[in-house]
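Please open the model in a viewer and keep the selection tool at hand.

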Amino acid sequence: MKLQDQVVSLKLAKQLKKLGIEPEIKSLFYWSQPVNDFGKTNGKYFVEYFDKTCWNDDHKHNLIPAYTVAELGTILPETIGGIAGENTEVALSLSVDRFKDLWLYGYGDDMDDRNFSKTEADARAVLLIELKERGISNN
C-alpha cells in the first residue's frame, strides 16, 4: 500500500489545517511542497516522513500535516452529546463500518449520518471537519 493511501488526502489535509485542527502530538507525516531559493514551487506535493532532527532552516518546504488513521483517532471524540430524553441525554458513540470498498464513520446508529470515503483516514477527516464546523469538536 502506498504511503499517500495511508494518510489523509491533500485536499482534506488543507481543510484540517485551515480549521486549526491538530492532535496533541505532531503528525509523523506531512504533505510537502518544495520551495526553491526564489520562493517558487513546482506545485506538486508529496508525502514525507517528518523527522525534525533531520530538518533545518535550509530545508524550505510548504508543509501540511498528513494525519494517519491513528493520529485522527486521537482527535475524534469517543462520544458526542445526543438525543435529550426526559431526564437524561443519550451519548452517541463513534461507530466504524466498512461496506465493499468504502469506509463509513459516524456517531449513533443512523446510516444517513455516516461519512463515506475510500480510505479510513479520509472518512475520519471528513467526520472531524464536520464536527468542527458544527462546533462539536473540542479541538
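Begin by selecting Glu71 and Ser27: their side chains make a polar contact at 2.9 Å. The model is predicted, and the tour should be read with that in mind.

**First stop: the surroundings of Glu71**

The backbone nitrogen of Leu28 lies 2.9 Å from a polar atom of the Glu71 side chain. Glu71 itself belongs to helix α2. Is Glu71 buried or exposed? Glu71 is buried, yet has no salt bridge. To confirm this, select Arg124, the nearest side chain of opposite charge, which is 10 Å away; a salt bridge would require a side-chain nitrogen within 4 Å of a carboxyl oxygen.

**Second stop: an aromatic pair**

Next, select Phe29 and Tyr49. The count of aromatic pairs comes to one. Phe29 and Tyr49 form this pair, with an edge-to-face arrangement, 5.9 Å from centre to centre and 65° between the planes. Phe29 lies in strand β1 (residues 29-34) and Tyr49 in strand β2 (residues 46-49), so the pair ties together parts that are 20 residues apart in sequence. Colouring by accessibility shows how the two partners are placed: Phe29 counts as buried because its relative accessibility is 17%, under the limit of 20%. Tyr49, with a relative accessible area of 47%, is partly exposed.

Now select helix α1, residues 10-18. Which residues of α1 are buried? They are Leu12, Ala13 and Leu16. Just after α1, select Gly20, which takes a positive phi of about 75°.

**Last stop: the largest nonpolar core**

Finally, select Val7, Val8, Leu16, Trp31, Leu72, Ala125 and Leu128. Of the 25 residues in the largest nonpolar core, these touch the most other members. Two or more residues of this core come from each of α1, β1, α2 (69-75), β6 (102-107) and α3 (120-133). Which element gives the largest share? Helix α3 does, with seven residues. In soluble globular proteins, nonpolar side chains tend to be buried together.

Terms used
Residues are numbered from 1 along each chain as its sequence is written. This is a predicted model: local features need pLDDT of at least 70, side-chain atom pairs count only at pLDDT 80 or more; totals for chains, interfaces and linings use all residues. Side-chain values use heavy atoms; hydrogens and water are left out. Rings of Phe, Tyr and Trp (its six-membered ring) pair if their centres lie within 6.5 Å; planes under 30 degrees apart count as stacked, over 60 as edge-to-face and the rest as tilted. Helices (H or I, at least four residues) and strands (E, at least two) are DSSP runs, numbered from the N terminus. Buried means under 20% relative accessible area, exposed over 50%, partly exposed in between (1.4 Å probe, protein chains only). A nonpolar core is a set of buried Ala, Val, Leu, Ile, Met, Phe, Trp, Tyr and Cys residues joined through side-chain atoms within 4.5 Å. Lys and Arg count as positive and Asp and Glu as negative; His and the chain ends are not counted. A polar contact is a pair of N or O atoms within 3.5 Å; within protein, one must be able to donate a hydrogen and the other to accept it, and residues adjacent in sequence count only if both atoms are side-chain atoms.
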